[in-house]
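Open the model in your viewer and keep the selection panel at hand. The tour moves from stop to stop, with a selection at each.

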Amino acid sequence: MTKTRSPIRSNVGLKAVMAVTGILLALFLIAHMLGNLKVFTGETSFDHYAHWLRDIGKPLLPGVWFLWILRTVLVVAVVAHIVAATVLAMRARAARPVKYAHRKKVNGSYAARTMRWGGVIILLFVIYHILDLTTGTLNPVGDASKPYGNVVADFAPERWYVTLFYTLAIVAVGFHLRHGAFSAFRSLGQQTPRGERRARTAALVFAVLLCAGYLVVPFAVLTGLVS
């Protein structure tokens, strides 16, 4: 008897997992970016917003349960996204064990390479970011009651290497989002040349705006605009 593969383990199922988790992560990135931009409203406003996040769900949920539920969902989404992408990449490689002697480099191969190294950088950054601004372990201030102070101390001019690493990670996220958004638009039926041009433009604009929204904060601190 042959085993029947679960639909979610098929290529179509894995692509669906990547799409759903990708959408969840993209929505989180948008919300997180908008929250970060509140740093320009001043210390009191930003601290109030940060403390409000910890109180979401009260009194139904105790303490910071909402944040931990959100973090758990995000971790599951990230792991599922990585596993699905890895399995699909391994299957694609196994289906073509012999490399072509002459192979024209196309945008697809470039995007695939970018997604691989970009994914590694993003994963390392997420781990660092959690230890830095979530647990405060690597932050110079590391005081949960002073989120504004944590951000300012984190991207201070003398810690330019943190800003550099942050910038590299956000650029990697931008490449990742550009390719992912374009793929999503294609999956929604943008198969004509005109449709693909629009999809590429929309994906590029989305990625650039999101990257700009994230990078403006550390550079504002680095240049003294936020202090």
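Start by selecting Arg 71 and Trp 68. Arg 71 lies over the face of Trp 68, 4.5 Å from the ring centre. Keep in mind that this is a predicted model.

Next, select Arg 200 and Phe 182. The arrangement is again a charge over a ring: Arg 200 sits over the face of Phe 182, at 4.3 Å from the ring centre.

**Ring pairs**

Now show the aromatic side chains. How many aromatic pairs are there? The count comes to eight.

Pick Phe 125 and Phe 165. Their pair is edge-to-face, with 5.9 Å centre to centre and 75° between the planes. Colour helix H4 (residues 107-134) and helix H6 (residues 160-187). Phe 125 lies in H4 and Phe 165 in H6, so the pair ties together parts that are 40 residues apart in sequence.

Phe 165 is partly exposed, with a relative accessible area of 26%.

Move to Trp 160 and Tyr 161. This pair is edge-to-face too: 5.9 Å centre to centre, 80° between the planes. Trp 160 is exposed at 53% relative accessibility. Tyr 161 counts as partly exposed, at 45%.

**Two helices crossing**

Select helix H1 (residues 11-36) and helix H3 (residues 65-95). Their axes come within 9 Å and cross at roughly 140°. The crossing of H1 past H3 is left-handed.

Show the side chains at the contact. On H1, the contact residues include Leu 14, Val 17, Met 18, Leu 25 and Phe 28. On H3, look for Leu 70, Leu 74, Val 78, His 81 and Leu 88, among others. Colour by class: the contact of H1 with H3 has 14 nonpolar, four polar and two charged residues. Lys 15 of H1 and Arg 91 of H3 are among the contact residues.

Notes. Residues numbered from 1 in each chain as written. Predicted model: local features only at pLDDT ≥ 70, side-chain atom pairs only at ≥ 80, totals over all residues. Heavy atoms only, no water. Phe/Tyr/Trp six-rings, centres within 6.5 Å; stacked < 30°, edge-to-face > 60°. Helix = DSSP H or I, 4+ residues; strand = E, 2+ residues; numbered from the N terminus. Buried < 20%, exposed > 50% of the residue type's maximum accessible area, 1.4 Å probe, protein only. Lys NZ or Arg CZ within 6 Å of the ring centre and 35° of its normal. Axes fitted to C-alpha atoms, helices over the stretch in contact; angles between N-to-C directions. Left-handed = near helix turned anticlockwise from the far one by under 90°. Contact = heavy atoms within 4.5 Å. Nonpolar A, V, L, I, M, F, W, Y, C, P; charged D, E, K, R; others polar.
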